[in-house]
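Open the model in your viewer and keep the selection tool at hand. The stops below can be taken in order.

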Amino acid sequence: MTNMLRNKNKDLEVRKREKEDIKTEVYALSQSISMSAHKARRVLDQIRGRSYQETLMILELMPYRACYPIFKVIYSAAANAKHNMGLNEEYLVIIKATVDEGTTVKKLKPRARGRSYPIKRPTCHITIVLKNISLYEESVVENSIGCFKKTGWIYKKKSTDITLGTIQGHHSLWFAQPKNYSKGLQEDQKIRECIKNYVQKNMRISSGVEGIARIEIQKRIDLIQIIIHMGFPKLLVEGKPRRIEELQMNVQKELNYVNRKLNITITRITKPYGHPNILAEFIAGQLRNRVSFRKAIKKAIELTEQADTKGIQVQIAGRIDGKEIARVEWIREGRVPLQTIRAKIDYCSYRVRTIYGVLGIKIWIFVDEE
């Protein structure tokens, strides 16, 4: 009898999990696409198992013709998840991406003297399945760290994930129950976006460089401490000393803080161009002004040499200088030991929207070795 009850309980648990999977899974299907299944499969192998936002960036930068129809299918699946089920796009992951061969369209190409030869155009069917991983208690979604982890797979986005907790510290310090963990991460992201938007609107000069190296958030029961590390705080504070109070009021209005106090402090960085975020903003401003990417990278390397760094690597991907074919270009100066765990390496990824399309910038700066 006990074995029978155990088996029934197991069956009920399996059925509950299947129902939860149905609620958290969204799919989209596109049929009869005029393309061979081999060409579409070559692109799908690169995006399977990745997050939704990372997939869009990859498809924008890849030079294959199959990227556009796959982009539309993924965008349609994400729209279904957002409007029909109310899911957040940040927690969507591509768990299934398949291609099936469709019917072959046969045509005749007319030639001279009443002759003709057959043309065969293959078609394919693309299926995309997205899954929301924020509802699982086993999953750990760490946007502040930059990696997505769940039992069975790991999504790594930054090269600093291994050194967190040993050499480098976290940018968010707080405790929460597993049910409220995703809400805390969304709250941190809203705080950072609100601060960055305010800094962009109220900068004294329109240089395109915000000067924010990082934003640290420390949460307590009745207090939220926000520390903004800026390279050029005078551009924001000079002329209006009450801008910090205005910034606090804006954050409190957007997040509806009633029972919790908010404290914002700004600290100045002695060597701003030794941080990859500020350096990426500088390169992005140069690329928007149609400066050659090599000149922009070399100028950025000269600025980092003044900050006493041991090495730097800059990589730019996309339609560089308006070329039709996307490519990847990188320049390295000094030592950048990415495989050494005791090496303190700062990393940054940045997206730039130019008149030619989206460019991706990645920067690694070797600060010190412990």
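This is a predicted model: local features need pLDDT of at least 70, side-chain atom pairs count only at pLDDT 80 or more; totals for chains, interfaces and linings use all residues.

**Loops**

Select arginine 113, in the loop between strand S3 (105-110) and strand S4 (116-121). Arginine 113 is not a glycine, yet its phi is positive, at about 60°. The residue is exposed, with a relative accessible area of 79%.

Go on to aspartate 321, in the loop that runs between strand S13 (311-318) and strand S14 (327-334). Here too a residue other than glycine has a positive phi of about 60°. Aspartate 321 is partly exposed, at 39% relative accessibility.

Next, pick asparagine 259, between helix H7 (243-255) and strand S12 (261-268).

**Salt bridges**

The model has 11 salt bridges. Show the side chains of glutamate 25 and lysine 131, which form one of them at 4.0 Å, N to O. Glutamate 25 belongs to strand S1 (residues 25-33) and lysine 131 to strand S5 (residues 124-132), so the bridge ties together parts 106 residues apart in sequence.

Then select arginine 50 and glutamate 54, whose side chains meet in a salt bridge of 2.9 Å, N to O. Arginine 50 is partly exposed, with a relative accessible area of 29%.

Finish at Glu187, Asp188 and Lys219, which a network of salt bridges links.

Note on methods. Residues are numbered from 1 along each chain as its sequence is written. Side-chain values use heavy atoms; hydrogens and water are left out. Helices (H or I, at least four residues) and strands (E, at least two) are DSSP runs, numbered from the N terminus. Buried means under 20% relative accessible area, exposed over 50%, partly exposed in between (1.4 Å probe, protein chains only).
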